[in-house]
Each structure stands twice: as C-alpha cells, then as structure tokens.
Amino acid sequence: MRTPHRTAGTQLVLSGVTKRFDDHVVLDQVGFTVKPGEKAGVVGDNGSGKSTLLRLVAGREEADNGTVTVTAPGGVGYLPQTLELPGTATVGDAIDLALADVRDLESRMRAAEASLETTEDLAEYGDLVTAYEARGGYEAEARVEIALHGLGQPGLDRDRALGSLSGGQRSRLALAATLAASPELLLLDEPTNDLDDEAVAWLENHLRGHRGRLVAITHDRMFLSRVTTTILEVDADRRTVHRHGNGYSGYLAAKEAARARWVQEYEEWKLEKARHEALADVNIDRFSAIPRKAPAAFSGAGAFRARSRSHGAMSRIRSARERIERLEADPVPPPPRPLRFTARIAGGEAEIDRHVVKVDDVSVAGRLLPTSLSVLPGERVLVTGPNGAGKTTLMRVLAGELAPSTGSAERAGRIGFLHQDGGLAGDSRTVLALFAGDGDEEESAERLLSLGLFRAADLRKPVRELSVGQRRRLELARLVTARTDLLLLDEPTNHLAPDLVEEMEQALAEYPGALVVVTHDRRMRRTFEGRRLHLAPEPVAV
C-alpha cells in the first residue's frame, strides 16, 4: 500500500514491508523512518536488495506486505542506475522526464491564467503560482545548465539523441536533471558512478546544501562520510534493514561494537559449555567411586543410613548434561576470522630477491599503449588513468591472462588476481567445489565458513547462480586463503559492502607481499602508500 504524496505533512516511513520475486524473499518485515532533513546512505552487498528498497520508496515497486508511506509536498526525484528512456529519445526528453512535476505545475498555471474569470479562479491561480515558485520553477532551466556544468557536461544539445551519448554522459545527464527538479525527497541509486573527482566534489557540496530528505545507494565511502547523517544497512542474510545513526563513522563504530559483542558471547558460550562438561566429568568420577553395596556389617539404621548412588552425584550429572544439551541446541557460532593476506616470501619457502613481475614496452593493439613496469617483492603500485586507458588490460597482462601484442613479460612467484567484474560468471561448480579445488571439501568448508563471507546454505549453490557481489566474495576468499607473492587487485572495492572494504584494507596494510591496485575508490587512492603509474594517452615507463 502506498500513501499518495498529497497527504498532509511530510513523511518517509516503512512498516512491516516484505518484497518477494517469485519464491525469493528479498526484503522481510522491513521497517524504518527517514526524518525531515536527514541524509541517509543505503549500503549492503551487491544483490542484497538495495535497489529494490529504493524502488519501493519511489513507488516503482509495490510491497507484498506492509506499508510504504511517502508524503513529500515538494516532490520526489528518483534516479535509477540506468536512464529509463530509449536511445531514440533526446536530451530534452530526459530533462522533461525529470522535471515532469515542475512542467505539470507550469502547464496548470498557464491554463488557469488563461481562464481567470471569478474570485475562485484567481485563488486557484494564486495557489498554483505559489507552488510553482516553491519548486523554483522559474529557475529550473538555469539549474539544469548549472548541474550539467558542475557534473562536467556543459552545453548538451537538447535535440541530441540519447543513443549518441556514452554511458557516462547519460548518467550525468540523468543526475543533473534530477537535481535540477529540486525535489523535497531525493532518491539516488549510485549517483557517483561515472563521475570524476571534480564532479563528485560538486555533487557532494550540492547535496550537503539540500534541505529536504536524501536517500542514496552508494559504495563510495568518502561520499558516505562527507554527505550522509544516517546509514541504512540492507542485510542480505536476514533480509532486513538496520538503521545506524551518526553517519558513516557511527555505522563503522556500530559494526565494530557488534563484532565485539559477538566475540564476547561466543567466549562466554564456550566457557559455560566447558564448565558444565567439567562438572559432569567430575561427578561421573565421584559416582563411579561410590560402592554398589554397603558393607555387610553395616546395619543402615538411623542417621547412618547409606545414601543412594543416585543421590547428589547423579542429580548433578543430570543437571550438567541438560545444561550442555540446551547450550548445544542454541549455539553461538564462532565469529568470522579477520581477513589476512599471506605471502610465501614471509615464510621463507620461496625467497624472491628480484622482481616478482616485470613488463617491458608491452602493448595490446587498440587497448594498451606501450607500457613498462617492474615490481619488486613487497612493493606497492597504484595504476591510475582515465577510462579506456588500458588499466584492466595491463592487469591481465601482468597476471599472464593476456598475451601482449608487443614487448616482454617476466614473472616470479605466485600471483593472485582479483578481477574487476568478480569473474567466474559461467562456472557450473558449487561454491565449495570451486573453493576446495583438489583439497578436502570438509576442511575447505570449515575454512571458508570461518571467514564469514558465506553461510553454510550457500556452499552447495552453483557459482553461476551467485550475485556479482557473492562471486566477488568467493574470489576474495580464495585470495586470503592462498599464499601469494603478488596481489593484482582490479577495482577491489566493487560490489562489496563498506565494512568489508574497510576490513580488506586493513588486511592489505598488513600484507607482506607485492601489490598492484587499480581503483576508483577515492578513499583507497587518497591513503595509498607506494608508487603510482598513470596510464595516459602516452604512458610513461617506470
């Protein structure tokens, strides 16, 4: 059920909301409120239901159960990840779609102006003018140009077909038009995608000044820390939403506190179980020491009557066993182990006293201009450059997956490669079979589950049925349980929840091997310590 926007007041409330697609429950009994003026960031693993949640709030999906109440007299602006217009539509059509509410007000205002006859007509016209001015209707076109300029797309021809624009240009156009509508409630799905640093900085400044509500899905941790005041975490395992106050720092603090509670509860559970097991063992020993028959000369009269063998020791054994059964029936699972990347060189098994990878003047026709790079053990290199410069191509050459058209490549030691798209998309093996490889599946299952990246129920799923984020976690699990001399990470933060990215960064900081990274993650780039190789139209050899 959806409350119309014209309802008095301003609200964004979900209560008991359940959404399923066929037999798959995506969200279950979700409830939260976004208060006036709040800026909420929506986080969670890829495939957890974040976009579904935003579509429910935007009215593009209907809940199977529960209520979604959205009242925003100042309008609702919704930005999906993909512009919902065909390639034959024009730039002007995309702008008109985003400004539909403002255009409708303007049309009604002009119609009322043309038919002014009575006092009632004048009053209606005045109300429309007031509403139009409140939405900034007279400045809407100017705001479109300002937003396009701020996002790096000034002067787009309104008659140009959308099909002639790049994906990044279409994304920026849709975002600019949505912002220009100046709605009271902004619903944005990955608004920083396809934006360079200058455009993101402009967007963050604009949104910080937005006086209405904001709900934005994003993996951009700097955006979360700079813009949001509340975090809505979509929990894929429980299919619900957790609300965290105090912005991104509050979210991280809450996650750390939750982990600490989990560790404490697990330790207390283990101690309680061990205590009752020891109590049962002690009383079994005492019980065994009690003679089965009293001495023949003992009369058993009066106060000297022998106690039954079951009196005392037996009751304590029974009580301890009952407590153990209750503890085992409701166990506290062990908390996930912290992620940790390991290198063979750290153990001295394969000491490497020269480069772990070296490429000289390698190129790939049409994809990578001649580039040279040499990485020594323990070195760190950040590869940067615009889209299309060949960053992913270089990573594949370094990994030995792609043969260069020209130049030479040498490798020493074991290489681990995290692909940009999560890889493994068509693999028919189960999660456990792929992770175990030639190893023992029982031991492999224990190792995989100990990382907290998968549930036991997921281990028998075919890899091809996993979401991109789940495949990403599977590749990550394989890397952290292998011993590698060089890690090649292509957009390692893609499709992962922010708290897992934070944990991965900590693991990388402690990794003793060599590292080559390609990333758009501003926070990772800003804190990166090591060399940088910039792939420009004419890459400079390192």
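Trainee: Quick one first. What does buried mean here?

Mentor: Buried means under 20% relative accessible area. Over 50% is exposed, and partly exposed lies in between. Keep in mind that this is a predicted model.

Trainee: Fine. How many helices and strands are in the protein chain?

Mentor: The chain holds 17 helices and 18 strands. Of its 542 residues, 46% are buried.

Trainee: What share of the contacts joins residues 24 or more positions apart?

Mentor: That share is 72%, taken over contacts with a separation of 6 or more.

Trainee: Let's zoom in on α15. Is that helix mostly covered or mostly uncovered?

Mentor: Mostly covered. Eleven of the 13 residues in α15 are buried. They are Gly469, Gln470, Arg471, Arg472, Arg473, Leu474, Glu475, Leu476, Ala477, Leu479 and Val480.

Trainee: What span should α15 have, at 1.5 Å a residue?

Mentor: The 13 residues, 468-480, should span 18 Å. The end C-alpha atoms of α15 are 19 Å apart, so the two values agree.

Trainee: Arg473 is on your list. Why does Arg473 count as buried?

Mentor: Because its relative accessibility is 9%, and the cut-off is under 20%.

Trainee: What does the Arg473 side chain reach at 3.0 Å?

Mentor: The backbone oxygen of Leu453. Leu453 is also one of the residues that Arg473 touches, along with Asp45, Phe454, Leu496 and Leu500. That list leaves out residues up to four places away in sequence.

Trainee: Back to β15 and β16. In which sense do they pair?

Mentor: In the parallel sense, over four bridges. Across that pairing, Leu418 stands opposite Leu489 in β16.

Trainee: Where does α15 sit relative to those two strands?

Mentor: α15 packs on the sheet and touches both β15 and β16. The direction of α15 makes about 165 degrees with that of β15.

Trainee: What is the strand order in that open sheet of five strands?

Mentor: The order is β15-β16-β17-β13-β18, with parallel pairing. β15 and β18 (531-534) are the edge strands, and each pairs on one side only. Neighbouring strands are turned by 15 degrees against each other on average, direction ignored.

Trainee: Which strands does helix α12 lie across?

Mentor: α12, residues 391-399, lies across β13 (380-384), β15, β16, β17 (514-518) and β18. The helix runs at about 155 degrees to β16.

Trainee: New topic. What order does the open sheet of six strands have?

Mentor: β6-β7-β8-β4-β9-β10, and the pairing is mixed. The edges are β6 (76-79) and β10 (240-244), each pairing on one side only. From one strand to the next, the twist averages 15 degrees.

Trainee: How many bridges join β6 to β7?

Mentor: Four, and the two strands run parallel. β7 covers residues 185-189. In that strand, Leu185 stands opposite Val76.

Trainee: What about β11 and β12? How many residues lie between them in the hairpin?

Mentor: Three. Gly366 is in the turn, with a positive phi of about 75 degrees. Five bridges join β11 (residues 357-364) to β12 (residues 368-375), and these strands run antiparallel.

Trainee: How many bridges join β11 to β14?

Mentor: Five, again antiparallel. β14 covers residues 406-411, and Ala409 in that strand is the bridge partner of Val359.

Trainee: Last residue. Is Gln169 buried or exposed?

Mentor: Buried, because its relative accessible area is 18% and the cut-off is under 20%. Gln169 is found in helix α6, residues 167-180.

Trainee: Which residues does Gln169 touch?

Mentor: Gln153, Arg160 and Ser164, not counting residues up to four places away in sequence. With Gln153, the side chains make a polar contact of 3.4 Å.

Trainee: How far is the Gln169 C-alpha atom from that of Leu151?

Mentor: The separation is 9.5 Å, for residues 18 apart along the chain.

Key:
Residues are numbered from 1 along each chain as its sequence is written. This is a predicted model: local features need pLDDT of at least 70, side-chain atom pairs count only at pLDDT 80 or more; totals for chains, interfaces and linings use all residues. Side-chain values use heavy atoms; hydrogens and water are left out. The expected span of a helix is 1.5 Å times one less than its number of residues. Buried means under 20% relative accessible area, exposed over 50%, partly exposed in between (1.4 Å probe, protein chains only). A polar contact is a pair of N or O atoms within 3.5 Å; within protein, one must be able to donate a hydrogen and the other to accept it, and residues adjacent in sequence count only if both atoms are side-chain atoms. Contact means heavy atoms within 4.5 Å. Two strands pair if DSSP finds at least two bridges between them. Axes are lines fitted to C-alpha atoms, for helices over the stretch in contact, and angles run from 0 to 180 degrees between N-to-C directions.
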